Amino acid sequence: MDAVRLIVTSRRALAGSDRAPEIMTEVWQAQALAQAIGSRLAVFGPPELRGEALGLTELAGRGCGVLDTPLLDIKDLRAAQLSELGDARQALMYLGGLLGEVGIALVGLASAADDEGTYWQCMEAIDAADESRDRVLEMLRRLADRDRDQLLQEEEREAG
């Protein structure tokens, strides 16, 4: 399945989660998906994104690592269903939105946490989601810079 469809599925699942265990599972799923997308971009994406994509892979992996791993059947693991990236810009825009929603969901969980362990787990996951989103935004900026540079080069060729 392509990245955007998986991200949309994750956004819907996160929005439809109303209990803490479901939300934490969806947060974990989102981070695992971000890790898979980062890995795919690092290998097959535009060269100017590869370093940031590796960073995204590491940060999203940390985001998974601070959460309890949910008991999921492999067929339910969205990251394992990633078969194609599709348009990198579109995938990154959607992923940035998902990671923002993950942060908001975690803030809500942390605010309502009954125990200190859950609170700190949420806080660490918020940091990982924010840092992952920062990497996504940096990759989008690099794509915009690349497109601008290509446009300028085309204009110079046409003028010259």
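A: Begin with the helix as an element: helices are DSSP runs of at least four residues, numbered from the N terminus. Ile104, for instance, is found in helix H4. Bear in mind throughout that this is a predicted model.

Q: How many helices and strands does the protein chain have, and what pattern do they follow along the sequence?
A: The secondary structure comes to five helices and zero strands. Along the sequence the pattern reads α-α-α-α-α. As for extent, the C-alpha atoms fill a box of roughly 70 × 30 × 25 Å along the principal axes.

Q: Is Ile104 buried or exposed?
A: The classes rest on relative accessible area: buried means under 20%, exposed over 50%, and partly exposed lies in between. Ile104 has 62% relative accessibility, so Ile104 counts as exposed. Leu14, which lies in helix H1, is buried, because its relative accessible area is 8%. For the protein chain as a whole, buried residues make up 41% of the 160 residues.

Q: Which residues touch the most other members of the largest nonpolar core?
A: A nonpolar core is a set of buried nonpolar residues joined through side-chain atoms within 4.5 Å. The largest one here has 46 residues, and those touching the most other members are Ile37, Leu41, Leu92, Leu95, Val102 and Leu106.

Q: Which helices supply this core, and which gives the largest share?
A: Helix H1 (3-15), helix H2 (20-44), helix H3 (50-65), helix H4 (88-112) and H5 each supply at least two residues of the core. The largest share, 12 residues, comes from H2.

Q: How should I read a pair of residues that are apart in sequence, such as Leu14 and Glu26?
A: Leu14 and Glu26 are 12 residues apart in sequence and 5.5 Å apart in space. Ile104 and Ile126 are 22 residues apart in sequence, with 8.3 Å between their C-alpha atoms. Trp120 and Val66 are 54 residues apart along the chain, and their C-alpha atoms are separated by 9.4 Å. Of this last pair, Trp120 has its place in helix H5 and counts as partly exposed, at 45% relative accessibility.

Q: How many salt bridges does a search of the whole structure find?
A: A salt bridge requires a side-chain nitrogen of Lys or Arg within 4 Å of a carboxyl oxygen of Asp or Glu. The search finds 15 salt bridges in the whole structure. One of the pairs is Arg19 with Glu22, where the closest N and O atoms are 3.3 Å apart. Arg19 is partly exposed at 49% relative accessible area, and Glu22 is partly exposed at 29%.

Q: What does the salt bridge between Arg142 and Glu52 tie together?
A: Start with the contact: the closest N and O atoms of Arg142 and Glu52 are 3.4 Å apart. Arg142 lies in helix H5 and Glu52 in helix H3, so the pair ties together parts that are 90 residues apart in sequence. The two ends fall into separate classes of accessibility: Arg142 counts as partly exposed, at 30%, whereas Glu52 counts as buried, at 15%.

Q: Where do Arg148 and Asp145 stand relative to each other in helix H5?
A: Arg148 and Asp145 are separated by about one helical turn, because they are three residues apart in helix H5. Their side chains meet in a salt bridge with an N to O distance of 3.1 Å. Arg148 is partly exposed, with a relative accessible area of 45%, and Asp145 counts as partly exposed at 23%.

Q: Which residues form a negative surface patch?
A: Patch members must have over 30% relative accessible area and no salt bridge, and like charges are joined within 9 Å. Glu124, Asp127, Asp130 and Asp134 form a negative patch. Take Asp130 as the worked case: Asp130 is found in helix H5 (residues 116-159) and is partly exposed, with a relative accessible area of 39%.

Methods:
Residues numbered from 1 in each chain as written. Predicted model: local features only at pLDDT ≥ 70, side-chain atom pairs only at ≥ 80, totals over all residues. Heavy atoms only, no water. Patch = residues over 30% accessible without salt bridge, like charges linked within 9 Å, V, L, I, M, F, W, Y side chains within 5 Å. Areas by Shrake-Rupley, 256 points an atom, 1.4 Å probe, with all protein chains shown as cover. Lys, Arg positive; Asp, Glu negative; His and termini not counted. Charge placed at Lys NZ, Arg CZ, Asp CG, Glu CD. Buried < 20%, exposed > 50% of the residue type's maximum accessible area, 1.4 Å probe, protein only.
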